[in-house]
Amino acid sequence: MAAIKIFLLFGRSGCGKGTQAKLLAEKYTLPVYGSGSLLRERAAKDDFSGRKLKEFLLRGVLAPTSLIYKEWANKFDVFKEDPSFVGMIIDGSPRKWIEAELLSQAFEWYEWPDSYCILLDISRPEAENRLAKRRICKSCKNIIPYTSESKVLEKCDKCGGELGRRPDDTDEAIKERMEYFEKEVVPMIEYYRQRKQLIVVNGEQAIDKVFADIVEAVENKS
Ligand SMILES: [Zn+2]
């Protein structure tokens, strides 16, 4: 039986998690699961939590850990029964120390020992710069990250639409995301470091170099 591979990607906003998740998904033929889609699925159910969550999502308020992890546990039970399940890339989780601990407990319970906890390391000034300069297509809502490859784009590379700043990338919102990282994500990184599970990759390199470093670290570990 092939080992179940699970990837967790984290780092400051703008570190390129989404891009690297897609590349990993292709290379290892794995699905990407995000806590965002999990929550949207849950919000569609018409009960107390469903209705409250729907409102939270509309207002952009973070959902509580207890609710998200109940959904993850339900998902993991389904995966465990699925003989075609070979692993996954988790996007948007964990967001803080307690969630990392819950995921570790879950992976132990489901007997999935091979998880790769990858920090895409970019400095705070680099993250702020990328967020301030990333753009969104006004027509198809495609997000254009700020990279050496995409910064020269004048129109959307998917539909040719006009590009603008993301409405939620205000200076205030960027500052808040940076502070969240220091307060919540840094202790989580320390948690994985102490468990000797942390893989640190320099996220300030070109996309293909970042990806090559991730693959190298993964192959060395397995
Ligand atoms: Zn577009």
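**Close-up views of a predicted model**

Lys 196 is situated in the loop that joins α7 (171–194) to β8 (198–202). The structure is a predicted model, in which local features need pLDDT of at least 70 and side-chain atom pairs count only at pLDDT 80 or more, while totals for chains, interfaces and linings use all residues. Residues are numbered from 1 along each chain as its sequence is written. Helices (H or I, at least four residues) and strands (E, at least two) are DSSP runs, numbered from the N terminus.

View A. Lys 196 counts as exposed because it has 6 C-beta neighbours inside 10 Å; a residue is exposed if 12 or fewer other C-beta atoms lie within 10 Å of its own, buried if 20 or more do, and partly exposed in between, with C-beta atoms placed from the backbone. Glu 111 belongs to the loop between α5 and β4 (115–121). With 8 C-beta neighbours inside 10 Å, Glu 111 counts as exposed.

**View B. Leu 198 in strand β8.** Leu 198 has 17 other C-beta atoms within 10 Å and is therefore partly exposed. Beyond its neighbours within four places in sequence, Leu 198 is in contact with Cys 117, Leu 119, Ile 189, Tyr 192 and Arg 193; two residues are in contact if their C-beta atoms, placed from the backbone, lie within 7 Å. Leu 198 and Ser 123 are 75 residues apart in sequence, and their C-alpha atoms are 17 Å apart in space.

**View C. Packing of α5 and α7.** The two axes come within 8 Å and cross at roughly 35°; axes are lines fitted to C-alpha atoms, for helices over the stretch in contact, and angles run from 0 to 180 degrees between N-to-C directions. Trp 97, Ala 100 and Glu 101 of α5 make the contact with Pro 187, Met 188, Tyr 191 and Tyr 192 of α7. These residues divide into 6 nonpolar, no polar and 1 charged, where Ala, Val, Leu, Ile, Met, Phe, Trp, Tyr, Cys and Pro count as nonpolar, Asp, Glu, Lys and Arg as charged, and the others, Gly among them, as polar.

**View D. Packing of α1 (residues 17–28) and α8 (residues 207–221).** The helices pack at an angle of about 55°, with axes 10 Å apart. This makes α1 oblique to α8; angles under 35 degrees count as roughly parallel, over 145 as roughly antiparallel, 65 to 115 as roughly perpendicular and the rest as oblique. Thr 19, Gln 20, Leu 23, Leu 24 and Lys 27 in α1 meet Ile 207, Val 210, Phe 211, Ile 214 and Val 215 in α8. By class, the contact of α1 with α8 has 7 nonpolar, 2 polar and 1 charged residues.

**View E. Strand β3 (residues 87–91) with Ile 90, and the loop that holds Pro 94.** Ile 90 counts as buried, because 20 C-beta neighbours lie inside 10 Å. Not counting residues up to four places away in sequence, Ile 90 touches Ile 6, Phe 7, Leu 8 and Tyr 33. The C-alpha atoms of Ile 90 and Phe 10 are separated by 9.7 Å, although the two residues are 80 residues apart along the chain. Pro 94 lies in the loop between β3 and α5 (97–109). The peptide bond from Ser 93 to Pro 94 is cis, with omega near -10°.
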